[in-house]
Amino acid sequence: MASKYLSFSSSLLPSPTTSTPNQWKKNTLNKPTTLGLVRSAFAAPSRTTSSSSSGTKKRIWKKGEYPGFSETSLPGARRNPPIKNVKKKLDRQNKAKAWACTVTETLSDHIDNKHWLQALQVFDMLREQPFYHPKEGTYMKLLVLLGRSGQPHHARKLFETMVEEELDPTAELYTALLQAYCRNNLIDEAFSILNKMKTLPNCQPDVFTYSTLIKASIDSSQYELVESLYEEMNERQISPNTVTQNIVLSGYGRAGKFEQMEKVLSGMLESTSCKPDVWTMNIIISVFGNMGQIEMMERWYEKFRNFGIEPETRTFNILIGAYGKKRMYDKMSSVMEYMRKLQFPWTTSTYNNVIEAFADVGDAKHMECTFDQMRAEGMKPDTKTFCCLINGYANAGLFHKVISSVKLAGKFGIPENTSFYNAVISACAKADDLIEMERVFQRMKDKGCVPNLTTYSIMVDAYRKEGMNDKIYYLELEKQELENKANMPETNKDFESSSMDE
């Protein structure tokens with residue numbers, strides 16, 4: 001299969017405009033000087049000598065009338081610099097200001113586009129400039145970017161640079177560094193930051209710090225840490241907020257810990273300071289919807305409505321997705337009509353849920369109609385849209401349309417992440433085209449897209465179906481090597497990733 005790939009590049013283009021001072025010089029020379037005006041005002045009539053051999057005239061000045069003396073020509077008096085030098089100085093200042101704007105704007109663009117390596121390079125360039133002054137906001141944005149980009153080691157180095165520049169750390173900056181560790185499942189390092197914060201009077205952990213640690217503990221299935229963090233918050237008189245409780249609810253729901261989930265939810269319903277909100281509603285109905293427990297989902301939906309919580313677009317999208325997975329198309333259509341009635345817009349997620357419902361059963365006709373309507377209404381498809389299309393065509397046995405979907409995704413510039421490649425690899429496996437499956441798998445690694453457990457599971461099942469045990473053996477070795485890299489020490493892992501990016 002062939003697919004189009006886009007490459008992204010960025011350049012730093014300085015744009016200060018310079019001008020020559022020729023016009024200034026010309027205008028200045030055309031005007032009479034101050035000295036000339038003084039001479040005209042104080043000049044005395046000249047006398048001619050009686051000598052015929054001397055044709056020159058002498059100027060006789062009265063005492064105190066010599067025009068060469070002025071306030072600025074006296075010793076110690078201040079002279080105005082030449083206009084030419086003033087213009088050069090102003091040009092240099094304007095260039096410096098333009099350079100400062102160019103560098104800071106470029107840094108901001110790289111941060112917004114999540115280009116962590118380029119952002120660090122521009123930041124190093126910025127720190128070398130004479131106009132540079134360290135700012136807390138810049139460090140905060142870079143720390144958050146590095147945490148989201150899987151670069152906790154670089155986040156730590158940046159934090160140390162900030163301290164070296166004598167910028168006082170705050171609780172928010174420490175929390176940003178802690179979050180970088182949590183996002184990369186470095187729980188021990190995150191707790192070391194927490195312990196450090198406790199020793200600093202001006203950097204005490206707050207509810208956001210503990211919420212970040214609670215989420216990391218839940219994501220790593222270390223539920224015993226959640227209880228200990230709750231106890232510590234209680235000892236420090238820090239009350240969990242709605243965001244904290246929603247994080248815990250979501251984690252307990254995904255793990256099937258319904259008793260703990262109900263306990264937390266009951267506490268929120270009885271609380272006066274930590275009331276449930278629409279996110280709480282979405283989490284609960286999503287838990288039961290994903291499990292296929294439609295009655296429980298509908299019951300909790302009505303409870304939240306009676307509690308005074310109004311649904312939003314995401315709430316309806318969750319309901320549509322749950323009904324679609326159970327092939328309850330009538331209820332799915334009713335929710336969509338209800339959204340129109342309440343003037344809730346159909347979003348990309350709305351269409352994706354409908355397309356996915358038809359794709360799961362290989363209903364290519366209705367899937368294509370939904371996709372066409374999506375484009376007609378101006379909705380931009382995303383990676384999930386094409387994953388659903390590829391799975392739907394593969395389930396329907398229309399493998400030539402799988403190829404056209406991959407080409408269309410390239411034409412639209414759709415990001416090709418692990419889920420996208422897994423969909424294509426799965427389609428190849430369903431078509432029994434193992435050669436093409438291996439080619440897509442290699443392309444996936446060449447593009448720097450890391451395979452996950454789903455990738456290996458799809459390929460192992462395809463090889464096992466054909467009795468290719470040697471292929472399975474080498475695939476398991478590769479999978480083990482990838483898992484070992486994921487568990488490498490922080491420094492080595494970050495060094496390898498930064499080397500690849502460079």
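Over the ring of which residue does the charged end of Arg340 sit? In this predicted model, in which local features need pLDDT of at least 70, side-chain atom pairs count only at pLDDT 80 or more and totals for chains, interfaces and linings use all residues, the ring is that of Trp346, with the charged end 3.6 Å from its centre. Residues are numbered from 1 along each chain as its sequence is written, and side-chain values use heavy atoms, with hydrogens and water left out. A charge is taken to sit over a ring if NZ of Lys or CZ of Arg is within 6 Å of the ring centre and within 35 degrees of the ring normal. Lys303 likewise has its charged end over the ring of Trp300, at 4.4 Å from the centre.

Across the whole structure, the search returned 15 aromatic pairs. Rings of Phe, Tyr and Trp (its six-membered ring) pair if their centres lie within 6.5 Å; planes under 30 degrees apart are stacked, over 60 edge-to-face and the rest tilted. Phe123 and Tyr139 form an edge-to-face pair, because their ring centres are 5.3 Å apart and their planes stand at 85°. Since Phe123 belongs to helix H4 (residues 116–127) and Tyr139 to helix H5 (residues 136–148), the pair ties together parts 16 residues apart in sequence. Helices are DSSP runs (H or I, at least four residues) numbered from the N terminus. Phe123 is buried at 2% relative accessibility, and Tyr139 is buried at 1%, where buried denotes under 20% relative accessible area (1.4 Å probe, protein chains only). The rings of Trp346 and Tyr351, with centres 5.8 Å apart and planes at 80°, are therefore also edge-to-face. Both Trp346 and Tyr351 are buried. One aromatic cluster comprises Phe123, Tyr132 and Tyr139.

Definitions and conventions
Helix = DSSP H or I, 4+ residues; strand = E, 2+ residues; numbered from the N terminus. Buried < 20%, exposed > 50% of the residue type's maximum accessible area, 1.4 Å probe, protein only.
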